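Please read the points below beside the model.

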Amino acid sequence: MATLTDLCYTDPPKIRYATYKAHLYKNGTLLICECKRGFRRIQNAYIYCTVNSGHASWENKCQCKSSASRNTEKLVTLKPEEPEERKFTGIQSQMQSLDQVNLSGYCREPPSWEHEAVERHYQFVVGQTIQYQCIEGYKAQQRGPAESTCRKSSINVGEFIWTQPQLKCISEEIEIPGTEEADSYTDALPQSETSYTFITTVSQKQTEVVTTMETCLLTIEYQIAVAGCVFLLISILLLSGFTWRQKWRKNRRTI
């Protein structure tokens, strides 16, 4: 038989930019009946997972009622609002009945109820495992078990601890397109293939450098050749002009 000492009272660890969820719930798990703003809980303070005739299901039902409807009730039926300490004590008193419940097996996700609060709060049982995932707009950077399990501490008797999930979430905008695929492909290659790829890349770079140098040399040689041709042409023109002038002067003297 399970007792209240089997409940894990500590909260699961929080991971930045991540949420957690249990796919299956151990018998004895409590779900607090909470209502959205403007509504209040009636009847049961919580529902719990239990097994009857080998079938796991959630016992009790959560119900919410509009807070405004209290103004229409007779004054004799009104009761002062219980302080938070008394509410919690009431939940604990109802939990005492779980001592007689068989906590073997698992339940699926509890059914929703009308006017339910946005966020659910569970009271997990020792041995419960939850799974983490990054929220929208973020991705997992560190690969590892993204789950946590509530266990009894081996150091402090009567204390419960959650194992630390190996998950780190970063923004999807940080990733450079194509970088992750290239890295994953390189990681998947054996050491010899990786070395061969590295050598090939270096060889390609060296070939590109040599080709660039040869192109530069050819360009310089071409410029020198063109300059030489221009200089030679100018020299011929000047020499021809000088020769023609000398002949012209000689012919003039003869006349």
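1. R120 and E116 form a salt bridge through their side chains, with N to O at 2.4 Å. The term salt bridge is used here for a side-chain nitrogen of Lys or Arg within 4 Å of a carboxyl oxygen of Asp or Glu. E116 has a relative accessible area of 17% and is therefore buried; buried stands for under 20% relative accessible area, exposed for over 50%, and partly exposed for what lies in between (1.4 Å probe, protein chains only).

2. The coordinates are those of a predicted model, in which local features need pLDDT of at least 70 and side-chain atom pairs count only at pLDDT 80 or more, while totals for chains, interfaces and linings use all residues. Residues are numbered from 1 along each chain as its sequence is written, and side-chain values use heavy atoms, with hydrogens and water left out.

3. R120 also has a salt bridge with E109, where the closest N and O atoms are 2.9 Å apart. Both E109 and R120 sit in the loop between strand 8 and strand 9, 11 residues apart. Strands are DSSP runs of E with at least two residues, helices are runs of H or I with at least four, and both are numbered from the N terminus.

4. E109 has a further partner, K21, at 3.0 Å from N to O. This pair links distant parts of the chain, 88 residues apart: K21 belongs to strand 1, and E109 to the loop between strand 8 (106-107) and strand 9 (122-123). E109 counts as partly exposed because its relative accessibility is 33%; K21, at 42%, is partly exposed too.

5. How many salt bridges does a search of the whole structure find? It finds three. Through shared partners, salt bridges join K21, E109, E116 and R120 into one network.

6. The structure has five disulfides, a disulfide being a pair of cysteine sulfur atoms within 2.5 Å. Counting bonded cysteines along the chain, the pattern is 1-9, 2-5, 3-6, 4-7, 8-10.

7. One of the disulfides is formed by C8 and C150, with sulfur atoms 1.9 Å apart. Its parts of the chain are distant: C8 is in the segment before strand 1 (18-21) and C150 is in strand 12 (residues 147-152), 142 residues apart. The link of C8 and C150 is right-handed, with 95 degrees about the S-S bond. C8 and C150 are both buried.

8. Another disulfide joins C33 to C62, S to S 1.8 Å. C33 is in the loop between strand 3 (30-32) and strand 4 (39-43), whereas C62 is in strand 7 (residues 62-66), and 29 residues separate the pair. Is the link of C33 and C62 left-handed or right-handed? It is left-handed, at -70 degrees about the S-S bond. Both cysteines, C33 and C62, are buried.

9. C134 and C169 are also joined by a disulfide, S to S 2.0 Å. C134 is in strand 10 (residues 129-134) and C169 in strand 14 (residues 169-171), so the bond ties together parts 35 residues apart in sequence. The torsion about the S-S bond of C134 and C169 is about -85 degrees, which makes the disulfide left-handed. C134 and C169 are both buried.

10. The largest nonpolar core has 26 residues, and W58 and F124 have the most contacts inside it. Strand 5 (46-52), strand 7, strand 10 and strand 13 (160-162) are the elements that give two or more residues to this core; strand 10 gives the most, with three. A nonpolar core is a set of buried Ala, Val, Leu, Ile, Met, Phe, Trp, Tyr and Cys residues joined through side-chain atoms within 4.5 Å.

11. The unreviewed UniProt entry annotates residues 222-244 as "transmembrane region"; such annotations may be inferred rather than shown by experiment. In the model, residues 222-244 are 100% helix and 0% strand, with the end C-alpha atoms 33 Å apart.

12. Y222, V226, V230, I234 and L238 make up a nonpolar patch on the surface, with about 500 Å² of accessible area together. Patch residues have over 30% relative accessible area and no salt bridge; like charges are joined within 9 Å, and nonpolar side chains (Val, Leu, Ile, Met, Phe, Trp, Tyr) within 5 Å. Accessible areas come from the Shrake-Rupley method with a 1.4 Å probe, and for residues only the protein chains shown count as cover. L238 is in helix 3 (residues 191-254) and is exposed, at 59% relative accessible area. C229 is exposed as well, at 54% relative accessibility.
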